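Have it open while you read.

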Amino acid sequence: MSVEAWTYLLVGITFALYIYIGYASRVRETAGFYVAGRGVPAIANGAATAADWMSAASFISMAGLISFMGYDGAVYLMGWTGGYVLLALLLAPYLRKYGKYTVPDFIGDRYYSHTARAVAAIATIFISLTYVAGQMRGVGIVFSRFLQVDIATGVIIGVAVVAFFAVLGGMKGITWTQVAQYSVLIIAYLIPAIAIANVLTGNPVPQLAFTFSDLVSRLNQIQVDLGFTEYTKPFQGKPMIDILAITLALMVGTAGLPHVIIRFYTVPDVRSARYSAGWALLFIALLYTTAPAVAAFARYNLISTLHGKTLEEVRQIDWVAKWEKTKLLAFVDKDGDGKVTVAPGRAFALKGGRPDFNTPDEKSRNEVHIDNDIIVLSTPEVAKLAPWVIALVAAGGLAAALSTAAGLLLAMSSAISHDIYYRIFRPNATEAQRLLAGRIVILLAVVLAGYFGVNPPGFVAQVVAFAFGLAAASLFPAILLGIFDKRMNREGAIAGILVGLIFTAVMIGMMRAPQIFGAPAPVIPNLFGISAEGVGVIGMILNFVVAYLVSRATPPPPEHIQHLVEEIRIPKGAGQAAEH
C-alpha cells in the first residue's frame with residue numbers, strides 16, 4: 001500500500017478509537033467532567049499526563065528545533081523536562097492535597113478573593129489559548145502532508161475530532177483518550193528512531209547510537225565544510241543570557257501550566273499524585289532522551305540527501321515533491337547552476353515574519369527552505385523506511401497534538417464555566433446547567449483554537465514557548481507563594497499576576513509584531529538580549545517583587561487562611577485540608 005493509504009488506515013483507526021473512548025466515557029456530573037471523578041489510577045494518570053504535556057511541540061517540533069539550532073536547541077529539552085520535575089516535586093502533591101477542581105479554584109480560595117479567581121481564570125484562558133494554537137498548527141501540518149489537504153482543512157478535521165470527545169466526556173473522556181494517545185505517540189516516535197539509528201550506525205538504540213557512534217563527529221565536519229559552525233558548539237544563534245532565560249522560563253512555565261496541574265486533581269489521593277508524577281516522568285523520558293538522537297539523524301540525512309544534487313533530481317524524490325506542495329519545503333536556484341546548496345542563512349527573505357517565496361534572500365547562499373516542523377515527520381521518508389512506519393508517525397503526531405489540545409480546551413472551559421460562571425456569577429447553578437456551560441465553552445474555545453491554528457504566530461514549539469512564558473510570569477509565582485508563604489495575601493497575589501501577565505504579553509507582542517500584527521519589523525528585537533521566548537522570566541521576577549512588596553504593605557491574610565497554608569504542607573492525607 002502507498003503511504004497515503006496507510007495513513008488513511010492508521011489515522012482512521014486511531015480517530016475511531018478516540019471517538020469511541022470519548023463516547024464510552026461520557027459524563028453526566030461535574031466531578032466527572034472536571035476531574036474524572038477523582039478515580040484515575042496512578043499509572044493511567046501518568047500516561048495521560050505525559051500525553052497531555054508532550055504536545056505537538058515535543059513530538060513534531062522539538063527535534064526540528066534541535067536539528068536546526070544544534071546545541072542551543074537543547075534549551076527546549078532542558079527547560080521542559082526540568083520544569084516537569086519542578087512541578088512534580090514542588091507543587092503537585094500540595095495542590096492535590098488542597099482538593100480543588102482547577103488552578104483558579106486554588107488561587108481564588110487561597111487568596112479568599114473572587115477577583116484573584118477571575119484574574120487567574122483570565123490568565124488560564126490566555127495561556128491555554130496561546131498553547132492550543134501550536135497544537136492546531138501541528139494538526140494542520142500532518143493533515144496537509146499525509147492526507148494531501150490544505151492546512152486549514154486539516155485544522156478543521158482535527159478540531160471536529162477533539163471537540164467530540166472533549167464535549168462528551170470532559171476530563172474523564174479526555175483522560176482515557178490521552179492514555180490511548182500516549183501509546184500511539186510513543187510507539188510512533190520510537191519505531192522510526194530505532195530503525196534510523198540501526199541504518200546509520202548499526203546500533204538500534206537511538207540514545208546509544210547518538211552517544212557512542214561517530215555520527216555526531218561526522219555531522220560536525222559536514223557542518224563546518226558547508227560554512228556552519230559545529231553542530232555541538234554552544235551559543236551559535238542565541239547569546240548565553242537568552243539561553244538561560246528561555247530555559248528558566250520553560251521550567252517555571254511548565255510548573256504553572258494549568259492543563260498539566262489539573263491532571264493531579266484526577267487521582268484519588270496525594271500518594272497517587274506522587275506515583276503518577278513518577279510514572280509520567282518515566283513515560284516522558286522515553287521520548288525526551290530519544291529526541292536529540294532523532295534531531296542529529298534527521299540533519300545528517302537531510303544534508304546528505306539534498307546538498308549538491310540537481311534540482312531536477314531532488315524534485316523527483318517522492319517526499320520532496322509532496323512536502324514542497326505544502327510550502328513547508330521550498331527551493332530557489334540563486335546561482336543558476338541547477339544544483340541545491342545547503343548553507344547558513346535564509347533561502348528566502350522574510351515578509352511579515354514569514355518567508356516570501358517570491359523574494360530570494362541574496363545575503364545567503366542557502367537555497368533550501370525547510371520548516372522546522374517537518375523534520376520529525378519527514379525523517380522516516382528521508383531514511384526510506386516502510387510506508388506503514390511513515391503513516392505511524394503521522395498518527396503519532398496527531399495523537400500528540402490532539403491529546404494536549406483536549407487538555408487545554410478543558411482548562412479553558414473549567415476557567416470560564418466553573419471558576420467564573422459557577423463560583424462567581426451563578427453559585428446556585430444546577431449540575432445540568434454547569435455541564436451545559438462547560439460544553440458550550442469547549443465548543444467556543446475550539447473554534448478560537450482552530451482560527452489560531454490556521455493563522456499561527458510562529459513555529460509550533462515557539463508558539464508553545466510563549467504560553468510557557470505567560471504561565472511563568474502569571475500563575476507560577478501565585479501558586480508557589482500560595483503554598484509556601486502564609487503571609488502572602490490577595491492584594492499581593494492579584495497585583496503580581498497582573499503585572500507579570502501584562503508585562504510579558506506586551507513584550508511578546510512587541511518582539512513578535514511581524515508574526516502577530518503583520519508589522520514590517522519588531523517594535524523591539526529583545527530586552528537586554530532576552531528574546532520573546534525567554535522574557536517570561538523577567539515577568540516572573542516582576543511578579544514576585546510586586547507581590548512581595550504589596551503583600552507586606554497591606555493587611556495579612558485571615559487566620560484561617562494562614563492555618564490552611566500550614567496544613568497543606570503537612571505530609572498527611574488529603575481529607576482534612578480538602579474540607580476547608
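1. Ground rules. This is a predicted model, where local features need pLDDT of at least 70, side-chain atom pairs count only at pLDDT 80 or more, and totals for chains, interfaces and linings use all residues. Numbering runs from 1 along each chain as its sequence is written, and side-chain values use heavy atoms, with hydrogens and water left out.

2. Salt bridge count. Side chains of opposite charge can pair when their charged atoms come close. Taking a salt bridge as a side-chain nitrogen of Lys or Arg within 4 Å of a carboxyl oxygen of Asp or Glu, the count comes to 14.

3. Arg117 and Asp105. These two form a salt bridge, with the closest N and O atoms 3.0 Å apart. The pair links distant parts of the chain: Arg117 sits in helix H7 (residues 114-146) and Asp105 in helix H6 (residues 103-110), 12 residues apart. Helices here are DSSP runs (H or I, at least four residues), numbered from the N terminus. Both Arg117 and Asp105 are buried; buried means under 20% relative accessible area, exposed over 50%, and partly exposed in between (1.4 Å probe, protein chains only).

4. Arg423 and Asp105. Asp105 also has a salt bridge to Arg423, at 2.6 Å from N to O. Arg423 belongs to helix H18 (residues 387-425), and 318 residues separate it from Asp105 in helix H6.

5. Asp242 and Lys238. This salt bridge has an N to O distance of 3.6 Å. Asp242 is buried at 2% relative accessible area, and Lys238 counts as buried at 16%. As for shared partners, salt bridges join Asp105, Asp109, Arg117 and Arg423 into one network.

6. Cavities. The whole structure has 2 cavities of 30 Å³ or more. A cavity is a set of points on a 1 Å grid over the protein atoms alone where a 1.4 Å probe fits but cannot get out; lining residues have an atom within 4 Å of a point. The largest cavity holds about 90 Å³ of space, a volume being the space filled by probe spheres set on the points, which are joined across faces, edges and corners.

7. Lining of the largest cavity. Helix H8 (151-201), helix H14 (291-306) and helix H17 (375-382) each supply at least two residues, and H8 gives the largest share, 5 residues. Among the lining residues are Phe59, Tyr189, Phe297 and Thr379. By class, the lining has 11 nonpolar, 1 polar and no charged residues. Ala, Val, Leu, Ile, Met, Phe, Trp, Tyr, Cys and Pro count as nonpolar, Asp, Glu, Lys and Arg as charged, and the others, Gly among them, as polar.

Methods. 1 Å grid on protein atoms, 1.4 Å probe; cavity = no way out; pocket = protein on both sides within 12 Å on 5 of 7 lines; lining within 4 Å.
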